[in-house]
Every structure is written in C-alpha cells, then in structure tokens.
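User: I am new to this structure. Please take one close look at the aromatic rings and the nonpolar core around them.

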Amino acid sequence: MKSSSLSLIAGTVALAAVTGFAALAAPGDTSAAEPKAATRLPVERSSLLCPAPGRSDLAETTYTAYTPAADVGGGGAGTAELTPSTAATADGTTGGTGKGDAGKEEDKKKDDKDDGKGDRKTDSPKPVLSLKEPGKPVTAEVSGADAPALVGTATGRLAPGWAAQQTTVVEAGARGLLGVSCTSPGADFWFPAVSTAKSREDYVHLTNPDDTAAVADIELYGPDGSLKSDVGEGITVPARSGVRVLISTLTSEAVEDVTAHVTTRTGRVGAAVRTADDTTGSDWLAASVSPNGTLVLPGIPADATSVRLVAFAPGDDDADLKVQLLSPGGPISPVGNESLHVKSRMTAGVDLKDVTRGEPGSLLLSPTKGGEGTPVVAALRVVRGKGAGREAGYIPAAGPVGAQTTAADNRAKGSTLSLTAPGATGTVKVIASAGSKGGEQVVKTYTVKGGTTLAVTPPVPSGLKGGYALTVRTESGGPVHAARTLSLPQDGVQMFTVQTLSDDRGTVAVPDAVQDLSVLDD
C-alpha cells in the first residue's frame with residue numbers, strides 16, 4: 001500500500017478523534033453502511049463551558065478541573081485551560097437581544113472591540129484554571145457576584161474525559177449550595193421544572209465558546225401548551241461571552257411548572273438554568289437528556305421531604321408513563337402516582353411528596369404499554385429539610401455512565417454516590433483521584449443489582465489534602481446510571497446539590513480498515 005492509501009486511513013482516524021465520527025470505504029463500495037469492527041480511540045480535543053456562577057456579593061465559588069488518567073493515552077502532551085468570557089453577563093432582556101440595562105452599558109464600553117456582528121476581537125484573558133497533568137485535579141476560588149462565565153478547550157492527552165465543575169456557596173439571601181458540571185457546547189437543550197411563578201427567579205445562562213456570535217431562541221411550555229412570548233426569539237450571544245435571561249420576562253403568565261427549550265439558529269452555546277426560590281434557596285438545573293421513551297432520574301436523597309416530577313412530551317403524541325421508584329430493595333410504584341399522562345407539547349407536574357420514605361432511590365419512567373413509547377424529557381425538584389430549613393435541588397433525566405464519567409469536585413466529607421441499574425445487574429469501578437493538594441488514588445468496585453439503587457459514601461484518597469475527583473467506569477453487565485450529591489449543612493439548613501453523571505464521550509469508535517485500498521494507488 002502506497003502513501004495515498006496510508007494518508008486516507010490516517011485522515012480518517014484523525015477525523016474521528018476530533019469530531020467523533022468517521023467512515024472509510026473504497027470508491028464504488030456499497031457495503032460502507034454495514035456494521036464494521038471498530039476500535040475506540042481517545043478524543044484529541046474537548047470543549048467545556050461554565051456559566052457565570054452568581055449574582056450575590058456573598059457568593060464563594062470553587063472551580064475544579066480534572067482529566068482521568070487513561071489506560072490509553074491521547075496524542076501529545078496537550079493543554080487544558082478555562083478562561084473568562086470577554087463580555088459581561090446581562091441581567092435581563094429587552095427586545096430580542098437577551099440584554100438589560102447592565103448589558104447595554106457594558107456594550108457601550110466595548111464598542112471599540114465589536115465588529116458590529118457580535119464578534120469580539122480582544123486580547124486573550126488569563127486562564128482561571130490550567131490543568132497540567134491527568135490524574136490530579138486543580139482548583140481555583142472566586143468571591144463575589146462578578147465572577148464571569150468560563151470557556152475552555154483541552155487537547156492531547158488532557159482531552160479524553162476532561163471534566164470541570166463549579167460549586168458556589170451563598171449563605172444569605174437566595175442561599176444555597178449551587179453545583180453544576182461545565183458542559184459541552186450544543187444547539188438543543190431541554191429544561192423541564194423551570195418556573196415563571198412569582199416566588200421563583202429562574203435565569204437561563206447562555207455561554208458562547210466561539211469567535212463569532214451565536215443566536216438562540218427560548219420557547220416556554222406550560223400545562224396548557226406554549227406560553228406566548230415575542231422576546232425569547234433571536235437572542236444574540238456575543239463571541240466568547242455569556243448572557244443570562246430571566247425566564248419570567250419572556251411571558252406575562254405566572255406558571256409553576258414550565259419546560260424551557262433552548263435552540264440556536266446560528267452557532268453553539270452552553271446552557272444551564274440558575275433557579276432561586278423565596279423559601280427553598282437556589283441551585284442549578286442542568287439540561288435533561290434528549291427526549292426518550294424511557295428515562296432514569298438518579299440520586300434522590302434518602303431524607304427528601306418533597307419530590308416533584310415535571311415531564312414534557314415534545315412530539316405530536318401524548319405519553320403514558322409508568323412511574324417507579326428504584327429503591328435499594330427493588331422497584332416500587334408510588335401509591336396514587338403509579339402512572340402519568342403527558343399531553344403533546346404540554347408540561348405535566350405531579351407531587352410525589354416524600355416518596356423515598358427514608359431510603360435513597362432513583363425514578364424510572366417507562367411506557368405503560370411497553371415498547372419504545374413516546375419520547376419525553378423530565379426533571380425532579382427535590383426538597384430536603386422542613387420549615388425555614390428547607391433547601392431545594394434538581395435532578396434532570398440522565399444517560400448511563402457508559403465507558404466513563406467524572407464528578408470533578410468532591411470533599412473529604414459530604415459526598416454521596418448514587419448508582420442505579422434500571423435493567424440488568426451492572427458492575428462499575430469507582431476511582432477516587434489523587435487530591436488537589438496531596439493524597440493517593442483509591443479504587444473500589446461496586447455491583448448494582450438490577451432494578452435497584454445503591455447509595456454509598458464514595459472512596460476517599462489516602463492522605464487526602466484539598467479536593468478530589470470521582471471517576472466511574474463501567475466494568476460489566478447492564479447499564480448503570482449515576483449521580484453525586486454534595487452536602488454542606490449550615491446553621492440547620494441541609495444545603496446540597498446533585499450532579500448526574502453520564503458518559504463523558506472521551507473516546508470515539510473508529511471503524512477498522514479491513515479492505516485493501518491499494519486500488520487507490522496511482
């Protein structure tokens with residue numbers, strides 16, 4: 001085989017490592033669509049976006065970044081940095097820009113850096129976090145309300161499985177422990193369980209990683225269908241910048257259970273919702289997994305005093321769902337809420353109350369009549385504590401652990417790892433990384449019986465100093481879904497946050513070249 005054939009194969013492998021997809025076939029080969037044996041290779045580039053963390057002068061935010069030590073290394077030494085966005089975040093919307101007075105004032109100051117299309121031409125800011133090696137997390141701390149959104153890219157051996165998280169503590173006002181995993185950019189996000197009620201103040205945060213402006217739309221759906229809005233269309237997110245949009249300004253209707261759908265007309269964004277409630281504090285709501293007929297919502301704390309399920313069917317058909325709690329002993333049907341009917345393009349909410357009854361659990365939604373069912377999205381609003389000590393957190397429907405997933409920010413105390421096997425029994429390996437300031441890696445294996453939830457105190461690195469990361473890898477058996485709960489009780493308030501853990505897509509499948517391509521030689 002000569003150089004032209006070798007170049008084609010090399011190009012295919014490189015394309016797959018960067019984009020996650022590649023196909024290789026000789027001219028005239030009609031069998032290209034047939035399944036082929038594939039080799040999994042580590043990605044060579046990964047992007048993450050972190051929303052601006054807070055609006056409180058009392059906010060204390062910790063950023064953590066981590067890449068697991070891989071069995072198969074990536075290409076080259078690589079870099080992994082998270083840097084501040086280059087434009088201030090707005091506090092509301094006027095017209096279709098997604099910007100209020102604060103945003104407009106900031107734009108006036110930055111006119112000399114704007115080319116008129118929302119594209120920014122600025123000097124690169126200094127990184128907030130810079131990861132130097134896999135297997136050991138790095139952290140940074142920021143105080144106050146001015147912390148910016150972060151954008152970042154990892155390359156080489158630091159790209160596969162690169163994870164970042166921000167954790168914010170606010171002790172007064174809209175208090176809370178707010179945690180969110182920094183996300184990859186995309187063009188389509190679903191957020192069940194947002195609200196336009198007077199007691200809520202929910203913001204959609206949009207972060208643009210690219211050097212050209214993105215344009216986004218936000219659609220809202222309540223129990224009776226679409227909520228009328230003209231200002232949710234054509235929201236400009238300037239290059240490498242963050243914009244936040246107060247959801248209640250997009251409609252005149254005050255509704256408790258709302259589903260927000262974020263899409264982009266041009267470009268890509270990262271999207272997350274920062275919720276705040278008058279009585280139960282604040283936290284982040286991450287996007288639900290893409291619409292599916294069967295969903296798993298993992299990691300309901302054992303001491304939850306209230307659990308509310310919110311679901312939405314985006315298609316033309318209604319959905320009839322069987323509702324089951326996967327407890328440590330097996331599936332349980334909540335009395336009086338064994339099923340849920342979700343009308344097409346309408347949001348349905350149901351109060352499951354203290355459904356866990358003192359035991360940890362996860363919620364499984366599946367078609368009542370079997371089969372694939374009607375695709376839905378869903379999320380849970382979970383409350384711990386009573387009276388003035390109540391605190392709310394959110395659990396969106398999530399995909400399985402897959403090959404590997406990571407919760408970047410964990411402490412010596414306060415972490416709970418929830419593992420759920422909705423089908424067959426599954427086994428996972430849990431790796432507690434070296435500490436950010438010292439300590440040695442610890443590994444433990446867990447087997448989760450089918451139809452159950454296993455909640456454990458995860459392993460802690462020996463001699464831990466600082467924080468550490470938890471990586472979960474599938475070993476054998478059926479799919480396992482996971483969530484990590486971090487609890488930091490303060491002054492009688494059960495402050496907590498839950499992050500679901502899905503496959504980090506740190507590797508891609510590259511079809512093996514089984515055909516002699518010498519026919520391509522000159």
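Analyst: What follows goes from the ring pairs to the nonpolar cores.

This is a predicted model, in which local features need pLDDT of at least 70, side-chain atom pairs count only at pLDDT 80 or more, and totals for chains, interfaces and linings use all residues. Residues are numbered from 1 along each chain as its sequence is written, and side-chain values use heavy atoms, with hydrogens and water left out.

Start with the rings. The whole structure holds 2 aromatic pairs. Rings of Phe, Tyr and Trp (its six-membered ring) pair if their centres lie within 6.5 Å; planes under 30 degrees apart count as stacked, over 60 as edge-to-face and the rest as tilted.

Trp190 and Phe312 make a tilted pair, 5.5 Å centre to centre with 35° between the planes. Trp190 lies in strand E10 (residues 188–194) and Phe312 in strand E20 (residues 304–312), 122 residues apart. Strands are DSSP runs of E, at least two residues long, numbered from the N terminus.

Trp190 is buried at 9% relative accessible area. Phe312 is buried too, at 1%. Buried means under 20% relative accessible area, exposed over 50%, partly exposed in between (1.4 Å probe, protein chains only).

Phe312 also pairs with Tyr221. Their ring centres are 4.8 Å apart and their planes stand at 40°, so this pair is tilted. Tyr221 belongs to strand E12 (residues 214–222), so the pair ties E12 to E20 across 91 residues of sequence. Tyr221 is buried.

Now the cores. A nonpolar core is a set of buried Ala, Val, Leu, Ile, Met, Phe, Trp, Tyr and Cys residues joined through side-chain atoms within 4.5 Å. In soluble globular proteins, nonpolar side chains tend to be buried together.

The largest core here has 29 residues, and Leu309, Leu363, Leu365 and Leu380 have the most contacts inside it. Strands that give two or more residues to this core include E20, strand E25 (361–367) and strand E26 (377–384).

Take Leu309. Beyond its neighbours within four places in sequence, its contacts (heavy atoms within 4.5 Å) include Leu340, Val350, Leu363, Leu365 and Leu380. A second, separate core has 28 residues, among them Val194, Val245, Ala260 and Ala379.

One more ring is worth a look. The charged end of Arg384 sits over the ring of Phe496, 5.0 Å from its centre. That label applies if NZ of Lys or CZ of Arg is within 6 Å of the ring centre and within 35 degrees of the ring normal.

Terms used:
Helices (H or I, at least four residues) and strands (E, at least two) are DSSP runs, numbered from the N terminus.
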